[in-house]
Amino acid sequence: MNEMNLSNSKRNRDIAPAKGRLGVLLPGMGAVATTLIAGAHLVKKGLAEPIGSLTQMQKIRIGKRTEPRALPIKELVPLAELRDLVFGGWDIIPDNAYETACNAGVLGLDVLSGVRQELESIKPWPGVFEQAYVRRLAGTHIKTGESKMALAEALMDDIKRFLADNELERAVMVWCGSTEVYSEPGPVHQTIEAFEQGLRDSAPEIPPSMIYAYAAIMCGVPCTNGAPNLSVDIPALTELADKRKVPIAGKDFKTGQTMMKTIIAPGLKARMLGLEGWFSTNLIGNKDGEVLDDEGSFKAKEVSKSQVLEAILQPDHYPDLYGDFYHKVRIQYYPPRGDAKEGWDNIDITGWLGQPMQIKVNFLCRDSILAAPIVLDLILFMDLAQRAGMSGIQEWLSFYFKAPMALPTLKPEHDLFIQHLKLTNTLRILAGEELLNHSGLDYYEDERVGAL
Ligand SMILES: NC(=O)c1ccc[n+]([C@@H]2O[C@H](COP(=O)([O-])OP(=O)(O)OC[C@H]3O[C@@H](n4cnc5c(N)ncnc54)[C@H](O)[C@@H]3O)[C@@H](O)[C@H]2O)c1
């Protein structure tokens with residue numbers, strides 16, 4: 001079998017060109033959102049490098065290893081350009097993006113000064129907010145309405161006005177708002193009808209993030225969730241997205257500690273090394289950390305962070321190695337640390353004859369610095385998905401999420417390397433190129449198997 005001739009990948013899709021400008025709608029214009037906006041402008045001006053962004057930096061191998069081509073992703077598939085992005089969004093505090101970026105302290109004033117004007121021009125629209133869902137925040141810049149349906153309609157008006165004012169035909173929404181308290185899907189979340197009735201009745205089970213997601217889908221805007229709360233991840237909204245042919249994806253950006261976890265765990269499993277326990281703690285001092293200091297918001301994050309090991313290690317297949325490991329995740333709010341999060345991991349593993357070993361990881365990362373390129377890639381890939389006629393859950397973007405959405409009949413994929421292959425092979429399919437399986441056998445067995 002030929003390595004490059006694996007499947008029916010010659011299914012070159014019709015992809016509408018990335019014509020005109022692309023609107024970027026951000027509910028929640030805090031540290032992540034303003035670091036993204038500042039970065040996009042700085043890169044556009046040639047003042048900084050888009051490090052960490054696959055759409056801007058990664059090359060994908062096309063063709064056989066004997067005559068390889070390495071194409072930048074943005075040449076392989078038609079993506080919107082940074083210069084075509086127009087930013088808008090909502091927040092429950094009225095500060096413009098420059099003021100917020102200064103307060104967040106992710107980028108220094110020396111860096112921000114290069115894009116001060118662009119940031120100052122972005123003033124958030126009043127948000128849809130309910131304090132029961134983010135108990136540590138009290139907003140002052142908030143919409144009022146007779147029902148949650150009226151609030152959804154007000155958001156749709158914002159979206160339509162933004163598109164019209166900026167002469168945009170396309171937009172993408174990425175939830176960068178605070179983590180809402182943990183909740184599980186209930187009856188009101190099961191069907192479109194029940195959900196819309198719930199909006200009209202202002203059902204307490206419908207949090208603001210779902211109202212934004214509903215408004216986006218109703219406007220035909222692809223919708224992505226960067227936080228661990230449910231938002232678009234409920235049957236009613238996935239059904240609505242399918243029906244309206246809108247791509248959706250989530251949830252919870254995979255940045256610091258979980259990214260490391262999904263790099264290390266597949267390695268341990270590949271080597272058949274056992275796991276006794278994995279203790280992870282984070283020190284974080286930004287506003288996100290303050291919100292997560294509340295038990296309800298932390299629970300949403302804890303659930304999203306906790307699933308990855310079990311999904312990767314498959315204890316049901318390997319009960320002797322992974323049947324009984326102890327996994328604990330903590331987040332400690334520690335204001336002096338600011339956005340510069342410190343992750344500590346202690347990993348107790350076992351080797352040959354059950355002998356114990358330990359791995360320690362101390363990741364001094366920068367939360368929003370890791371998140372911003374993820375948001376940029378999601379914006380560009382979600383827009384690509386829509387132009388390629390892909391709708392509903394975009395599982396190929398699992399790479400970017402701690403708790404990737406998948407069909408109820410499928411287990412989500414958490415292994416970063418499988419996620420990466422899923423993403424790059426999907427791009428190959430979109431470009432009409434052959435898929436890669438990396439077996440390499442065709443270079444040695446060509447004659448025997450009669451491959452091309
Ligand atoms: N930075 C990371 O590495 C990372 C990783 C994964 C997930 N996340 C998630 O991304 C989100 C943003 O993170 P951040 O560091 O920018 O947080 P942040 O606190 O700096 O920003 C969140 C913003 O959302 C606003 N907000 C809250 N509820 C809102 C609502 N209903 N409508 C409009 N605005 C609202 C807040 O006022 C705030 O300005 C959080 O949910 C966080 O958990 C971040």
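How many of the 452 residues of the protein chain count as buried? In this predicted model, the share is 46%. A residue gets that label if 20 or more other C-beta atoms lie within 10 Å of its own.

Let's start with the overall build. The protein chain has 17 helices and 13 strands. Its radius of gyration comes out at 22 Å, close to the 22 Å that the globule rule gives for 452 residues, so the chain is as compact as a globular protein of that length. If you like to picture a box, the C-alpha atoms fill one of roughly 70 × 50 × 50 Å along the principal axes. As for how the chain meets itself, take the contacts with a separation of 6 or more: 78% of them join residues 24 or more positions apart.

Now for the ligand. It's surrounded by 35 residues, and the closest are Gly28, Gly30, Gly127, Ala227 and Lys287. Some elements give two or more residues to this shell: helix H1 (31-44), strand S4 (85-91), helix H12 (287-292) and helix H15 (367-387). H15 gives the most, with four residues.

What sort of residues are these, by class? The shell around the ligand has 20 nonpolar residues, along with ten polar and five charged ones.

Finally, where does the ligand sit relative to the domains? Domain 1 covers 22-253 + 369-431 and domain 2 covers 257-364; both give residues to the shell, so the ligand lies between them.

How values were computed:
Residues numbered from 1 in each chain as written. Predicted model: local features only at pLDDT ≥ 70, side-chain atom pairs only at ≥ 80, totals over all residues. Near = placed C-beta within 6 Å. Nonpolar A, V, L, I, M, F, W, Y, C, P; charged D, E, K, R; others polar. Domains from an automatic or database assignment. Rg over C-alpha atoms; globule rule 2.2 N^0.38 Å. Buried ≥ 20, exposed ≤ 12 C-beta atoms within 10 Å, placed from the backbone. Contact = placed C-beta atoms within 7 Å.
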